[in-house]
Amino acid sequence: MSRGKGPVWVIAEQIDGHLQPVSLQLIGQARKLADGIGSPLEVVLLGENISAIYTQLISAGADLIFAGDHPAFQIYHAQIFTTIIIELAQKQQPEIILLGATYMGRELAPLLAAKLETGLTAHCIKLELDQEKNLVQKIPAYGGLMSIICPKHRPQMATVAQGVFPLPEMNKDRVAEVIKIAPPDRVASRVEILEIVREEPQGLNLESAHTVVAGGAGAGDNVGWSEIVKLAQVLNAGLGSTRPAVDAGWSDINTMIGQSGKIVKPDLYIAVGLSGEQQHIVGVIGAKVMVAINNDPKSLVFKRVDLGIIADCKKFIPVFIKKIQMYKSNG
Amino acid sequence: MLKIAVCVKAVPNPEQANQVKIDPVAKKLNRIDIQLTINSLDKHALEAALQLKDKIGAKVTVISMGPSEASSVVSECLAYGADHGYLLCDHAFAGADAYATAYTLASAVKKLDTFDVIFCGRESSDGATEWVGPELATFLDWPVVTMVREIVEYSTTDWIVKANTDGGYRVVKVTLPAVLTVTRELNTPRALSFSSILKARNKAINVLNLKDLGISEEKVGLKGSPTMVTELACLDNTRACEILEGTIEEKAEALIRVLVSRGVLK
């Protein structure tokens, strides 16, 4: 793709007519980038019966919407979505394409990047422009922040998790054009989606929970983990985990907090038996009050929280639970 | 017979890798010797292939791109039961991002055999981008299903799989040849037996370099990578931590008092 200051793109996502919050967060950030480059902000949205969403996209900052409203787009289909977006990208020559790190985004982004013969960066927590107006994509690495650029290829592509950027202020006075896009004429589809099954979510929604209890390898075993689960229940908290806890088989990958998991901003975050590695902590830096329970006084986690309890979590949690219950029953 | 390729990555041992940190003063990475180990999710990819080999018969080929030290990881896969092992190893491959890695793997796949299925772990423990599987599929012009958690039906022409999606899973019919990236839920990797280690001693690891693959130096490694790291800066997440002292009971009571006073425990 030739070099030029094309538009900034956000590929928005909806499920059953509901816009994913990360799409609006991305539009907010993309607006800043587009203004910095002096380019328009274009949003691509595919789905069925989605016209109610357009005003949200426009209020959030879109200058132009490419909307595919058709039964063929009802559910995300890799081949159909890739075909139609590539066609559009070749016409519009976007400078930047941003996607949410959702299930769709994490599959669609690399399919688009490989087809467009360009680079793609995952887990961005900051997106800035350098002096040449290149996109600087910052990701956590080695306990620090690594800057990645894509100097010679366009578009510059990145995925961002929900919660990294705030929701933009909505300006209902904004107006923008909506251009309808039709599904591809014929896709020799080699993937057929037979069924989508929604499972009952386990526990509270981590991203909206006021309190989050997260456990790590220091839980030690299933018994230790069950104490952490109990603490989350007593506090009516979302239950989060670190990668080692997922790897140990104690918790589901969907509960993982951090760089390659969820980004949460609770009022109260309690870290149990985890060492406070950057990959995890970047997922909770927005928390108001952070507490760590860990038996190692030298643990890194005590440098990254507000309150520390040096204790074996298996001994501390049952006592803590009892005291919380006493406090609650006494008002 | 079904021909399966499994892409595996030799990654720095995750526990040791966590000790590599940027020095906030010198702004350099501390250097420690780290062992390479098979990426944990790739074990599940290999297991998926081996289970099919046990059930219906399959030829399992392991392909890895990495430095010469990564041959230990390919050997390990042969010991688990893979039939053939290839290490794509050349100085020109160094510094590859996901794009250049997927391109190199795709070149090897095209060169080696007419595979029916390629299994990859969903992500690696070090880069964790999840890009290589889908990009590999694109370079091969094959379909991909990411985050496969169950193989429901298989035939020589198409498979039905369950793959994770938002708040649930999708049931997908995919026409072969195809790339499938797998999750931990798919299976439990087998343990390595002594007899299998002995049997694998005679299996050779084939090393392929840039020339063997017949691809341009411009398309691989650092040169072939669209993305570039420009800076590694410190990220200060330090908070002033108050350690609560006393007996366990006293600590628990103190914690509740502070949380209530800060308005986060109601």
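**Chat about a two-chain model**

Trainee: Quick one to start: where does Pro177(B) lie?

Mentor: Pro177(B) is in the loop between strand 9 and strand 10 of chain B. Helices (H or I, at least four residues) and strands (E, at least two) are DSSP runs, numbered from the N terminus.

Trainee: And what is the peptide bond from Leu176(B) to Pro177(B), cis or trans?

Mentor: That bond is cis, with omega near -5°. Before we go on: this is a predicted model, where local features need pLDDT of at least 70 and side-chain atom pairs count only at pLDDT 80 or more, while totals for chains, interfaces and linings use all residues. Residues are numbered from 1 along each chain as its sequence is written, chains are lettered from A and ligands numbered from 1 in the order in which they are written, and side-chain values use heavy atoms, with hydrogens and water left out.

Trainee: OK. What about the bond from Arg154(A) to Pro155(A)?

Mentor: Cis as well, with omega near -5°. Pro155(A) is found in the loop between strand 10 and strand 11 (156–160) of chain A.

Trainee: Switching to the interface. How many residues does each chain put into the contact?

Mentor: Chain A gives 81 residues and chain B gives 71 residues (contact means heavy atoms within 4.5 Å). Between them the chains bury about 7100 Å², 60% of it on carbon and sulfur atoms. Buried area here is the accessible area (1.4 Å probe) that two parts lose on being put together, summed over both.

Trainee: Which three residues of chain A supply more of that than any other three?

Mentor: Tyr103(A), Tyr142(A) and Arg190(A), with 11% of the area that chain A buries against chain B.

Trainee: How many salt bridges are there between chain A and chain B?

Mentor: The count is 9 (a side-chain nitrogen of Lys or Arg within 4 Å of a carboxyl oxygen of Asp or Glu). One salt bridge links Glu123(B) to Arg243(A), with the closest N and O atoms 2.9 Å apart. Over all chains, the whole structure has 29 salt bridges.

Trainee: What's the strand order in the open sheet of 10 strands?

Mentor: The order is 13(A)-9(B)-8(B)-7(B)-10(B)-6(B)-1(B)-4(B)-5(B)-11(B), with mixed pairing. Strand 13 (191–198) of chain A and strand 11 (205–208) of chain B stand at the edges, each with a single partner strand, so one side of each has no neighbour in the sheet.

Trainee: And which sense do strand 7 and strand 10 of chain B pair in, parallel or antiparallel?

Mentor: Parallel, over 3 bridges between strand 7 (residues 144–154) and strand 10 (residues 178–182) of chain B. Val144(B) has Val179(B) as its bridge partner in strand 10 of chain B.

Terms used. Pairing = 2+ DSSP bridges.
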